[in-house]
Amino acid sequence: MTNRRRVLPALALVLTLCCALQPVWGQNGSANSISIPFETYKLPNGLTVILSVDHAVPTVAVNVWYHVGSKNEMPGRTGFAHLFEHVMFTGSGHIPYGTHDKLTEGVGGSNNGSTTNDRTNYYETIPSNYLESALWLESDRMGFLLDTLDLEKLNAQREVVKNERRQSYDNQPYGRVSEILAAAMYPKGHPYSWPVIGSMTDLSEASQEDVKAFFRLYYAPNNATLGVVGDFDPVIAKKLIARYFTDLPQGKTVERPSVALGKLEMSKRLVYEDAVQVPRLYIQWPTVGFKRDDDYPLSVMSSILSGSRTARLTKALVYDSQLASQVGAFQNSAEDVGVFQVTVVPRPEHTLTELEAAVDQVIQKFIAEGPTAEELQKAKSGLELSFLRGLESNLGKANQLISGSMFYGNPGQFRTDYQKTLAVTAADVKRVAAMYLVRSRIVLSVVPKGKKDKASKAPESETVTMLPATPGGRS
Amino acid sequence: MNRQRPHIAFATALLITLASVASLAQQPLDRTKAPTPGANPKLTVPAWTTQQLSNGATLIVSQRRGLPLVSFNITLVGGSNQFEPAGKRGVAALTASMLTEGTKSKTGDQLSDALQLLGTNINAGVGGEEGSIGFVSTRKNFDATLAILADMMLNSTFPADALDRLRARTLVNLTQAKDQPVAIGGQVFAKILYGADHPYGQRTTEASVKAITRDDVVAFSKTYFQPGRAIITVVGDVTPLSAKASVEKGLAAWTKGGEKPAFDYTKLPELQTAKIYLVDKPGAAQSVFNIGLPGPPRNTPDYFAIQVMNTILGGMFQSRLNANIREQKGYSYGVNSGFTYGKGPGAFRAGGSIFSGKTDAALVEFMKELNGIVGERPITDEEIKVAKDSLIQSLPQRFASVNATSNAITSLVVQGLPNDYYQTYANNIAAVTKEDLMRVAKRYVDIKHLAIVIVGDRAKIEEPLKATGIAPITHIDIEGNPVSGGSAPSSSN
């Protein structure tokens, strides 16, 4: 995920390494108690609206999701969804540059946007008396962004994005791993094969008309969901939403072609030389996206394998054999595809070859015996608390409701997700382990420059030299 | 579960606003006009009680209705700067990590399993001037989690093999930090500003970590975790009475001892005339900037004026620095400025990561904005208004969760600020004058004595930086020590 503003490097590291990244779902301890009160409706132009009132703090989150991400881009024209995330803050038809920040951050609120493979979102949290301002801002950029989008603005934001890329990928140890893995996991031209930030060559070469056509198709009300969560009066909010959004014209229907799951004909063994001193090992298996039910046991499995000191991989590699200084395992799922990833940081005296064997040993044993009842219980015990803590943030609630609405047509999907997670059995977890963790996989060794021999099974590893400037697999 | 909210206030608000909606619907929409906001919402600062426990600790309780959550935190006044012996930097952090490694009655694995089953996690950490151990739990698991916390804090056995494992992990982390230009920049900047003798200039090193023994850890733990310097903060679904009962019972074995330390820091090194300190990072795509000098402690009477001044200079997205260097020039993904506040002379720092090819141009712009704020570009009334609004109206966010509320209240006690700090905050910010802003800018953004630390590809950036003529260049290594010779490397890879 990339952001308009900065993500703390420390956070980025944690995400790469050790988090069992849960999908965005509602979580709770007892089926009856999970609740986010909300109402939802559609405007005649197709805009989906979700309202949820919470007067705890005198602030409101206004959050607009567009169902467009990097996977909607065309090979040769990648990076557009994320580029718009930047352009959308540079003013629109009736609103000059700078006003957006002034009416959000400048009144004690905040704003940001984020882009994933599947969707882009734009949000602001504001003091509750600025709700109308936020709706004015969001409606103007939804309806009138292109009125004032010229080459100068476009070029300025292209430069900012290039700097974002330098900071978050190129100047970051291990920063290119995610794009190396995506390019290796999916065939050339597959919608998930290029990074969300896109190719800088594509961005440079894109014409103004290319960019505008992309906007016209994907940023129309019928491809968007507006969430308003926090301290407001729903009667007034509905009137204001009607006032600012009703006259925006409906766009063309967006086609959603089916996307093939990742599948490797043969396992791939790669080595990448980076400006690092400590090598790392990444193992990735193709799995399923978050709309498939196997995503639930795969996510539960991730917290049985890593995250706590008694998790299987952590206990074996970090505590018992002490081959590794850190280990992480997580199911990383998107709308159409998913991968299960294991990341290991070795202790200096141990090799990546040893680590790979140790990981495999743990996983083979796990496939054979499945989880214990207690492991399953531990993996689910934190759900209630994390659900409750999620309720403390208006923005977090908005994201949950909108995500459910956009991907499942049901803002209350968090309840289903919760129930399906609690219903995961030991047999389910054993089944997905035996089904997915035996597949052809990618093993990527990141090693210091000039130290290719430090790769796991170095002689069999293919060198990743330079990534293609245009999207597509290295195949 | 439902969030319980008062309905009466809501109904009144509805009546008033329905009237305004009726009039609103009749006006044609003019999209060029920004909507007029209503009156600012009234800030409700949570109430809290303060009690003294028999062991000397201070107990703060703030009841928060709605969700069945409790935030529990023990804050210890004083940190690694006050309690770590010389040459043993890192013992505080290692001790905090060691608390999870086993107690007289439970192994580390058993502690971990128990917490997982309670669905929560206990976090312990020691910073430069304070430390903490705490958790957020559901109401029903509060007492059980507190019992585990007490066991960890009071009965840890500090096994030697666990220390070796944690030491090894710390060493790997230190090695990884050497590849991280942002981490290097921060470390070197501190070393330049404060020198090796001032705690603010010191850090955990390979040598200090290797020197730490199990005895050091045990001694640190005994000395440090004492109720006489503790502030216990409980926020959430509790009453002052029930919280006190839980804490008295849960921490019954924590007996009297310790006191708040003095914060006597050694004198700062003499301020140097402005210099560029260049750390070579061959092949770097970006140059990491840290520009600044030591500043005032948190209790400075200039605090509010500094906050407004810095918000204008580099505290927001549209502040002068980011508006120019990111948005207008496109040299960076983001730059900012800020003051670090503590008991001692925390730093003023402006910086960010800059495209290597624009290192010199960016430095020119940084200097333009720093010179601007001290007088070359007068601060406008509009800038002052936006900065003040932003600061005042962001206050409710500090009470947005049980944890945020706990931090907001605890920091008042740690920093010795008045109990009505949040109630008077808006007035204090509003009272800042343009003259105040000029005065604090000149005093704390001391142009003549800025340390300009740049981590980047020397072969590419040295000559252009020299050509700016802004300040002489000194070469230093990633530890902040001068590089002998100082001749340019032959190539970068």
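## Chain B overall

Of the 493 residues in chain B, 46% are buried. Keep in mind that this is a predicted model.

Laid along its principal axes, the C-alpha trace of chain B spans about 75 × 70 × 40 Å. As for how the chain folds back on itself, take the contacts in chain B between residues at least 6 apart in sequence: 81% of them join residues at least 24 apart.

## The six-stranded sheet in chain B

Chain B has an open sheet of 6 strands with mixed pairing, ordered β9-β10-β8-β11-β7-β12. The edges belong to β9 (332-339) and β12 (473-476) of chain B; each has a single partner strand, so one side of each is left without a neighbour in the sheet. On average, neighbouring strands of this sheet are turned by 20 degrees against each other, if you ignore direction.

If you want a residue pair to look for, Leu278(B) has His475(B) in β12(B) as its bridge partner.

## Helices on that sheet

Helix α7 (residues 181-194) of chain B lies across β7, β8 (286-294), β10 (347-355), β11 (451-456) and β12 of chain B. It runs at about 155 degrees to β11(B). Helix α18 (residues 458-468) of chain B packs on the sheet too, touching β7, β8, β11 and β12 of chain B. The direction of α18(B) makes about 165 degrees with that of β7(B).

## A one-sided helix in chain A

Over in chain A, helix α8 (residues 208-218) has Val211(A), Phe214(A), Phe215(A) and Tyr218(A) as its buried residues. They cover an arc of only 100 degrees around the axis, which puts them on the same side of α8(A).

The buried residues of α8(A) pack against β4 (59-66), α2 (80-87) and α5 of chain A.

## A hairpin in chain A

Strands β2 (residues 39-42) and β3 (residues 48-53) of chain A pair in the antiparallel sense over 4 bridges. One pair to pick out is Glu39(A), whose bridge partner in β3(A) is Leu51(A). The hairpin of β2(A) and β3(A) has 5 residues between the strands, and Gly46(A) takes a positive phi near 100 degrees there.

## Where the chains meet

The contact between the chains takes 66 residues from chain A and 74 residues from chain B. On the chain A side, α3 (99-102), α4 (131-144), α5 (151-170), α9 (234-245), α13 (373-381) and α14 (383-390) each supply at least two residues. The most comes from α5(A), with 8 residues. By type, the chain A side divides into 22 nonpolar, 23 polar and 21 charged residues.

Take α14(A) for a closer look. Its Leu383(A), Glu384(A), Leu385(A), Phe387(A) and Leu388(A) are buried. What do the buried residues of α14(A) pack against? The partners come from both chains: α13 and α16 (413-422) of chain A, together with β3 (69-77) and β5 (130-138) of chain B.

Notes. Residues numbered from 1 in each chain as written. Chains lettered and ligands numbered in written order. Predicted model: local features only at pLDDT ≥ 70, side-chain atom pairs only at ≥ 80, totals over all residues. Contact = placed C-beta atoms within 7 Å. Nonpolar A, V, L, I, M, F, W, Y, C, P; charged D, E, K, R; others polar. Buried ≥ 20, exposed ≤ 12 C-beta atoms within 10 Å, placed from the backbone. Arc of directions from axis to C-beta. Pairing = 2+ DSSP bridges. Axes fitted to C-alpha atoms, helices over the stretch in contact; angles between N-to-C directions.
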